[in-house]
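Here's a quick briefing for anyone opening this structure for the first time. Have a look at the model, then read on.

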Amino acid sequence: MKDLYQEILDQHTAPGQMFETKEVTNESGVTFKEYINLPDSLRGYLDFALTHADKECLIYEDERYTYKEVFEKSAQTGNALIEAGIKKGDRVAICMQNNPEFVYSYFGIVGIGAVCVPLNSWWVPSEVIYGIEHSDAKLLIADSKRLQGLESLPNVKKIVTSYTPDSSFTSFDDFISGHDKTFPVVEIGRNDHATIYYTSGSTGKPKGVLSSQKAVLATMFSWACFSSVMNQVEAKSNPKAAAIVSPESVILHCVPLFHVTGSHAGLLMSVLVGRKIVMMKKWDAGLALQLIEQEKVTDITGVPTQTWELLNHPERLNYNLSSLKTLGAGGAPRPAEHVKQLDEEFEARPGIGYGLSETNALGALGSGDEYVNHPNSTGRVVPPLTEIKIIDQDWNELPEGEVGEVAIKSLGNMIGYWKDPEATKECMSDDGWFRSGDLGKLVKDIVIRGGENIACPEVEGAIYEHKDILEACVFGIPDERLGEILCAAIYLREESKLSIDELQSFLSTKLAAFKIPVNIKFYKDNLPRVGSGKFDKPN
């Protein structure tokens, strides 16, 4: 019997459903899973904006724009770029703080089949010049601060944002003024180039991560699939559980758009579901608290330190933050104690994501009870396209539980590093796997009882619903007849009088009978943990 998660996932990917998949073989003979209903291009994806045309899309300081207005300004940008000589496949760079014109530029570039090159706005002029020259960008859209020191690039047309006017450059408003508000017809395919993001450059010059149209799109559909599945899983155990992403959501966009977290999780994902985006040009925890209350923000997705700063801000209790539902994070792990405190102090639930620019942020996601109960995990592999395995230096797959390098295969993987075939060959295998350089291990946490799969996190989540439970660890032990039987080690509140029979009776209203632990042991002290902070489960 399948666990609840797999059962719901199978329903979402069944024939005729939005997330139905098929197997495709690329020009190199590598087989991937692909969504049947995936748009052919990011231009086609932008049409989702018009399905919620009159909804608020973008809030920036005192400016407010609907999805229709954002779509039209993006189309004007695309038409202006064509008039400026930009053709399909040309690279166009953006380098500025977050603001609405970054959004119009991004959408306008990809909407005409050009390649968007978001450059790190924290770079110094020499680094910006490197990015422009390395990507062969023909045009740069930037704010005046980022344009300083670029006088050595006479052959690159420069557009300055309307938020930082400069008389020596064309302003963005002037650049798009008078252009048609519908996108021109350009034939763009799934395999065409879409974006080049630059890596941090920790081991030398930053590398340009080249991705196809379908790779970027695969991330949005995969996250939407995961969100929908987990919404139903959470609702089974907690009818009041908030949707991870929904049309009613409002995201505080507090990370730079030149990172995939900002552009993918914050911006592009919002287009699909019609989520309102409250954009900050730079992070300020005090201002964030004001915006959460003012705009009734439901979601935050940033680096872990941002939600931690909100929690510890001296003015936090002076604001109404009850609208918050999810506290997302990526880019680094959260300490387990931070996860616990966030879950206790906010009504919102913390979440975590793992991915890289090279995978268009696809990798793993942790949310809800599963993340709170397993805070040292990055969560589940994002379904249904993504595969993750742990390998040694020779690409050999390692057994479950053994530490090695994380390798990822999905439709979201990059084409390769721009103009760097050697670096591409070092990290990508002939059969489509990307080696991340990150260390990790896979722990399935599944007990197979008489042929029935039981997900330990699901059982632990049900146990934690009892008010007397402080810690719960569910695991399997060998059984001659059934293969494995389910056990639970539990640390109770000091004053608790809970009995084993009472707990099993409590669980009978939440779990199928075969998922209720047979052996339960109560402990008077915290359960033992390994060095990583996880419970020390028997192997």
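**A first look around**

H52 sits in the loop between α2 (42-45) and β3 (56-60); helices here (H or I, at least four residues) and strands (E, at least two) are DSSP runs, numbered from the N terminus. This is a predicted model, where local features need pLDDT of at least 70, side-chain atom pairs count only at pLDDT 80 or more, and totals for chains, interfaces and linings use all residues. Residues are numbered from 1 along each chain as its sequence is written, and side-chain values use heavy atoms, with hydrogens and water left out.

**More on H52**

- H52 counts as buried because its relative accessibility is 11% (buried means under 20% relative accessible area, exposed over 50%, partly exposed in between, with a 1.4 Å probe and protein chains only).
- Skipping neighbours within four places in sequence, H52 is in contact with Y67, V271, L272, V273 and G274 (contact means heavy atoms within 4.5 Å).

**The whole protein**

- In total there are 16 helices and 28 strands.
- The radius of gyration is 24 Å, which agrees with the value near 24 Å for a compact globule of 539 residues (it is taken over C-alpha atoms, and the globule rule is 2.2 Å times the number of residues to the power 0.38).
- Along the principal axes, the C-alpha atoms fill a box of roughly 75 × 55 × 45 Å.
- Of the 539 residues, 56% count as buried.
- Take the contacts between residues at least 6 apart in sequence: 65% of them join residues at least 24 apart.

**Helices that pack together**

- Two packed helices are described by the angle between their axes and the distance between the axes.
- Helix α3 (residues 67-83) packs against helix α4 (residues 100-111) at an angle of about 60°, with the axes 7 Å apart (axes are lines fitted to C-alpha atoms, for helices over the stretch in contact, and angles run from 0 to 180 degrees between N-to-C directions).
- That makes α3 oblique to α4 (under 35 degrees is roughly parallel, over 145 roughly antiparallel, 65 to 115 roughly perpendicular, and the rest oblique).
- On the α3 side the meeting residues are V70, K73, S74, T77, G78 and L81, and on the α4 side they are V103, Y104, S105, F107, G108 and I109.
- By class, the contact of α3 with α4 has six nonpolar, five polar and one charged residues (Ala, Val, Leu, Ile, Met, Phe, Trp, Tyr, Cys and Pro count as nonpolar, Asp, Glu, Lys and Arg as charged, and the others, Gly among them, as polar).
- α4 also packs with helix α9 (residues 260-273), at about 70° and with axes 13 Å apart.
- That makes α4 roughly perpendicular to α9.
- Here V103, Y106 and F107 in α4 meet S263, H264, L267, L268 and V271 in α9.

**L327 and its surroundings**

- L327 belongs to strand β15 (residues 326-329) and is buried, with a relative accessible area of 1%.
- Leaving out residues up to four places away in sequence, L327 touches I300, T307, R334, L342, F346, A348, R349, P350 and G351.

- The peptide bond from P383 to P384 is cis, with omega near -10°, and P384 lies in the loop between β19 (380-381) and β20 (387-391).
- A361 isn't a glycine, yet has a positive phi of about 75°; A361 is in the loop between β17 (352-354) and β18 (364-366) and counts as buried at 13% relative accessibility.
- W395, also not a glycine, has a positive phi of about 75°; W395 is in the loop between β20 and β21 (404-409) and counts as partly exposed at 25% relative accessibility.
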